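Please open the model in your viewer and keep the selection tool at hand. The stops below say what to select next and what is there.

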Number of protein chains: 2
Amino acid sequence: MKRIYLDHGASMPVEERVLEAMNQFIVKDYGNPSSLHTEGRAVKKLVGEARESVAKLIGVEDPQNIIFTSSATEANNIAIRGVANRNKGKGNHVITSAIEHMSVVNPVKDLSKNGFDVTFVPVSPEGLVDPEKVNEAITDKTILISIMNANGEIGTIEPIREIGGIARDAGIYFHSDCVAAEGRKPIDVEKDNLDLATLSSNDLYGPRGVGALYIRKGVKIQPIMYGGGQERGLRSGTENVYGLVGMGKAAEIAMQEMKSESVRLTKLRDKLIDGVLGNIEEAYLTGHRTLRLPHHASFRFSYIEGESIILNLDMEGISASTGSACSSKTLEPSHVLIALGLKHEEAHGSLVLTLGHANNDEDVDYALDVIPRTVERLREMSPLYKK
Amino acid sequence: MKRIYLDHGASMPVEERVLEAMNQFIVKDYGNPSSLHTEGRAVKKLVGEARESVAKLIGVEDPQNIIFTSSATEANNIAIRGVANRNKGKGNHVITSAIEHMSVVNPVKDLSKNGFDVTFVPVSPEGLVDPEKVNEAITDKTILISIMNANGEIGTIEPIREIGGIARDAGIYFHSDCVAAEGRKPIDVEKDNLDLATLSSNDLYGPRGVGALYIRKGVKIQPIMYGGGQERGLRSGTENVYGLVGMGKAAEIAMQEMKSESVRLTKLRDKLIDGVLGNIEEAYLTGHRTLRLPHHASFRFSYIEGESIILNLDMEGISASTGSACSSKTLEPSHVLIALGLKHEEAHGSLVLTLGHANNDEDVDYALDVIPRTVERLREMSPLYKK
């Protein structure tokens with residue numbers, strides 16, 4: 001059976017061209033960038049080039065303001081705990097939204113156990129953060145605002161430029177988790193008023209195990225890990241050169257192809273959304289209809305469980321997700337869907353379809369054939385459902 | 001010019017067989033191990049297999065007691081800060097040695113800024129930690145002892161089994177940074193009385209960006225990073241499956257080949273040591289002559305600077321190191337060499353040669369031709385040197 005992968009929000013394949021770039025180096029360039037000899041200097045150059053490509057993708061002029069990490073989770077941890085702990089002399093209040101990724105939620109919760117006050121700004125039923133509510137939450141103790149660029153579970157794009165402007169006017173650092181947005185919409189740290197931005201390699205079709213953090217020059221921050229002092233002392237550990245080369249290449253490709261690919265994916269997305277909503281009763285879109293990532297279609301269906309949908313779609317060759325892969329280990333409903341105002345039972349009937357390079361019109365046709373009858377079959381077995 | 005790489009302590013090439021194993025998966029197996037669908041389950045299996053291979057290498061019966069990290073630096077940070085902070089109700093004293101890697105030294109220094117007392121046990125002129133001195137340092141506040149298995153800068157193998165026994169008798173957790181030792185000498189967490197052990201993938205000829213931490217069942221520990229709760233909640237972040245597969249394969253190969261490779265390297269090492277000491281005046285071995293890693297030859301030469309030696313050897317096609325690559329950014333003399341009782345000017349004349357798979361008898365012959373004349377030439381330029 002042909003398999004159709006519609007779970008690019010959970011993980012993405014590595015682009016062939018990225019893998020080629022990586023394989024050029026892994027065998028012959030094995031030096032440590034901190035070493036003084038020829039092999040060391042060669043890979044130091046590779047790291048510099050990768051840093052430049054990543055910088056360019058988000059409009060960062062000086063590549064030195066990008067540090068490489070092992071993941072977006074680590075970048076979010078450094079941004080939030082590194083800034084909060086370094087600036088606690090100035091204040092102990094942090095503002096974030098109610099729909100952040102767990103790698104923002106949990107560091108912020110850790111801060112709240114350690115003397116910080118945290119405001120979780122609520123969102124609209126479409127998942128939008130209201131900049132005015134962020135503004136109202138600011139106190140004279142606020143040192144950091146962290147609001148995601150776009151949400152990976154419901155696809156909603158946040159008004160980060162406005163929020164960044166508010167933070168800048170108030171003299172407060174603004175961080176944004178850009179993982180769901182990167183490579184899918186333009187990001188510009190200047191126009192978007194970003195002081196810190198988290199990126200992941202895999203979400204650009206690069207290898208896993210690599211992430212990056214943009215830190216505007218002058219931002220006061222401290223490391224969360226201690227060692228050899230790599231990455232300007234902010235992220236110790238021998239550089240994962242092979243992975244960084246992959247992320248650099250992936251960023252370069254994203255720069256070139258994002259525009260056309262977004263147009264292509266938006267068409268597929270809209271067909272998928274219209275097809276599902278048009279052919280299934282009591283099916284609802286989660287997230288915003290138009291302020292939405294181009295690859296992202298997410299729904300909820302009454303009377304059935306997301307997990308059953310996933311397993312049944314899997315048997316028909318379709319890979320999809322119910323909420324974030326990172327929280328699939330718990331049986332709790334998604335905190336994102338609850339923040340939209342959904343009841344627990346509503347939040348449990350969620351289906352997230354995320355498109356990528358390999359998907360085409362046929363895939364969407366097939367999904368639109370399979371999903372309605374899967375939902376129908378599951379509903380027929382559900383004691384809650386009355387035709 | 002042929003290049004001879006004698007800096008395996010700084011970084012190692014990825015084994016062809018490891019790369020093959022990795023490349024089998026990177027293109028087709030791109031699922032997220034937390035996902036419920038076929039692609040997710042496939043990679044979950046791969047992660048489990050890699051965990052088993054790493055567990056076997058160090059005699060761990062239940063692979064669940066291995067967690068994957070992004071580096072040995074991260075594993076050392078989790079072991080030290082994760083145990084210390086979780087157990088501070090019990091005591092605030094940590095014992096370590098004076099010659100640990102910076103990824104142990106700096107986390108421990110961070111603890112000392114945050115209410116902990118730290119004892120740095122001194123070493124003998126050969127770099128040996130005396131178990132009796134560890135024993136004497138124990139107080140009723142001691143909660144953790146961290147002593148490396150072997151030192152990467154001077155090659156000395158520490159009596160960790162005895163130190164582990166002392167820790168066990170006293171009911172204190174024992175952690176050992178096994179990065180320099182792994183794949184070069186047998187490690188057995190039971191016989192060696194280890195409660196926590198740090199491993200790195202690259203030191204086994206695996207890819208960079210992956211490490212592992214053994215945590216004995218029942219050890220009380222907390223994470224240093226917060227997010228999706230992967231790796232039993234101790235190391236959040238999407239699993240770097242491709243890298244883990246590489247580390248697993250590298251561990252498997254190390255298990256099979258360590259014994260014969262150690263015998264082979266020991267011969268090359270001894271030839272290198274005898275040749276250098278026999279042909280250069282005022283050349284001294286650093287570290288222990290026999291309690292020494294099989295791939296490791298390290299020296300100091302009077303009247304000249306290690307950095308000049310490295311750059312001159314590099315011009316002759318030999319890659320070597322002066323001290324740890326991780327501390328090459330500072331002009332400070334190595335804390336390891338200072339701990340041996342050397343004066344600053346003595347510590348500055350250090351040369352570390354670390355052998356690997358690709359090195360053979362010819363390489364050693366070439367090195368023994370080049371090194372004496374390089375040292376001689378540099379000494380002739382030195383104002384301190386009088387023939």
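How many bridges join β10(B) to strand β12 (residues 350-354) of chain B? Five bridges join these two strands, and they run antiparallel; strands here are DSSP runs of E of at least two residues and helices are runs of H or I of at least four, both numbered from the N terminus, and two strands pair if DSSP finds at least two bridges between them. The model is a predicted one, in which local features need pLDDT of at least 70 and side-chain atom pairs count only at pLDDT 80 or more, whereas totals for chains, interfaces and linings use all residues. Residues are numbered from 1 along each chain as its sequence is written, while chains are lettered from A and ligands numbered from 1 in the order in which they are written.

**The strand β10(B)**

Select residues 296-301 of chain B, which form β10(B), and colour them by burial: six of the six residues are buried (20 or more other C-beta atoms within 10 Å of the residue's own, with C-beta atoms placed from the backbone). Both faces are covered, with B:His296, B:Ser298 and B:Arg300 on one side and B:Ala297, B:Phe299 and B:Phe301 on the other.

**The contact between the chains**

Now show both chains and select the residues in contact, meaning that their C-beta atoms, placed from the backbone, lie within 7 Å. The contact takes 59 residues from chain B and 59 residues from chain A. On the side of chain B that touches chain A, α4(B) gives the most, with five residues. By class, that side of chain B has 23 nonpolar, 27 polar and nine charged residues, where Ala, Val, Leu, Ile, Met, Phe, Trp, Tyr, Cys and Pro count as nonpolar, Asp, Glu, Lys and Arg as charged, and the others, Gly among them, as polar.

**The axis**

Superpose chain B on chain A: a rotation of 180° with 0.0 Å of shift along its axis does this, with an RMSD of 0.0 Å (least squares on the C-alpha atoms of residues with pLDDT of at least 70 in both copies). That is the relation of a two-fold axis. The same surface serves both copies, as 100% of the contact residues of chain B recur in chain A. To find the axis, select B:Ser70, whose C-alpha, at 3.0 Å, comes closest to it among the residues of chain B.

How values were computed
Two residues are in contact if their C-beta atoms, placed from the backbone, lie within 7 Å. A residue is buried if 20 or more other C-beta atoms lie within 10 Å of its own, exposed if 12 or fewer, and partly exposed in between; C-beta atoms are placed from the backbone.
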